[in-house]
Amino acid sequence: MTKLITRDDLKAAIDSRTVTVIDALGGMYYEQQHLPGALPLVGADVVEQASSLLPDKDAAIITYCSNASCPNSQNVAIMLTAAGYTNIRKYSEGIQDWVGAGLPIESGAYIRP
């Protein structure tokens with residue numbers, strides 16, 4: 001099982017820019033709203049995109065999806081771990097919890113550099 005991170009610890013990590021946040025919902029859900037600085041990466045794209053999107057396999061990476069019952073964040077975390085990433089955690093409460101707490105979100109499509 002992937003280690004979990006609390007909302008408060010995730011907020012602190014985002015604020016200090018010490019973590020890469022992965023939105024495991026992707027597509028229109030990502031465009032509508034995502035956590036600040038989050039990168040979209042769904043399970044179907046992990047094999048093809050992880051190495052270019054996440055070049056440091058030892059970096060702190062947090063996955064999230066919509067809520068605790070959504071399996072996407074766990075699936076992406078498992079796939080990243082299998083690909084050799086060593087510091088994966090999951091924000092299991094997801095964006096619904098984040099928004100419910102009144103924390104900032106972003107919207108719009110991700111433009112790859």
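Reply: Start at W98, which touches R7, L10, K11, I14, L35, P36, Y91, L103, P104 and I105, leaving out residues up to four places away in sequence; contact means heavy atoms within 4.5 Å. This is a predicted model, in which local features need pLDDT of at least 70 and side-chain atom pairs count only at pLDDT 80 or more, while totals for chains, interfaces and linings use all residues. Residues are numbered from 1 along each chain as its sequence is written, and side-chain values use heavy atoms, with hydrogens and water left out.

W98 belongs to helix α5, residues 94-100. Helices (H or I, at least four residues) and strands (E, at least two) are DSSP runs, numbered from the N terminus. With a relative accessible area of 1%, W98 is buried; the word means under 20% relative accessible area, while exposed means over 50% and partly exposed is in between, using a 1.4 Å probe and protein chains only.

One of the contacts of W98 is Y91. A search of the whole structure finds one aromatic pair. It is formed by Y91 and W98, whose ring centres are 6.1 Å apart and whose planes stand at 75°, so the pair is edge-to-face. The rule is that rings of Phe, Tyr and Trp (its six-membered ring) pair if their centres lie within 6.5 Å, with planes under 30 degrees apart counted as stacked, over 60 as edge-to-face and the rest as tilted. Y91 is also buried, at 0% relative accessibility. For contrast, take E48: it is 50 residues from W98 in sequence and 29 Å from it in space, C-alpha to C-alpha.

β1 and β5 run parallel and are joined by two bridges, and K3 has R89 in β5 as its bridge partner. I62 stands opposite R89, and T63 has K90 as its bridge partner in β5. β4 also pairs with β2 in the parallel sense over four bridges, where I22 is partnered with T63 of β4. Lastly, β2 and β3 pair in the parallel sense over two bridges, and D23 has P40 in β3 as its bridge partner.

Next come the cores. A nonpolar core is a set of buried Ala, Val, Leu, Ile, Met, Phe, Trp, Tyr and Cys residues joined through side-chain atoms within 4.5 Å. The largest has 17 residues, of which I22, L41, L54, I61, L80 and Y85 touch the most other members. The elements giving two or more residues to this core are α3 and α4. A second, separate core has 16 residues, including I5, A60, I95 and L103.

Beyond its neighbours within four places in sequence, Y85 contacts A50, S51, L54, D56, K57, I61 and L80. The charged end of K57 sits over the ring of Y85, 5.4 Å from its centre; the test is that NZ of Lys or CZ of Arg is within 6 Å of the ring centre and within 35 degrees of the ring normal.

Helix α3 (residues 46-53) holds Q49. Q49 is buried at 16% relative accessibility, and it touches L41 and R112, not counting residues up to four places away in sequence.

M28, in helix α2 (residues 27-32), is exposed at 52% relative accessibility. M28 is 81 residues from A109 in sequence, yet the two are 8.3 Å apart in space, C-alpha to C-alpha. R17 lies in the loop between α1 (7-16) and β2 and is exposed, with a relative accessible area of 77%. The phi of R17 is near 60°, a positive value in a residue other than glycine. Most residues other than glycine have a negative phi.

Definitions and conventions
Two strands pair if DSSP finds at least two bridges between them.
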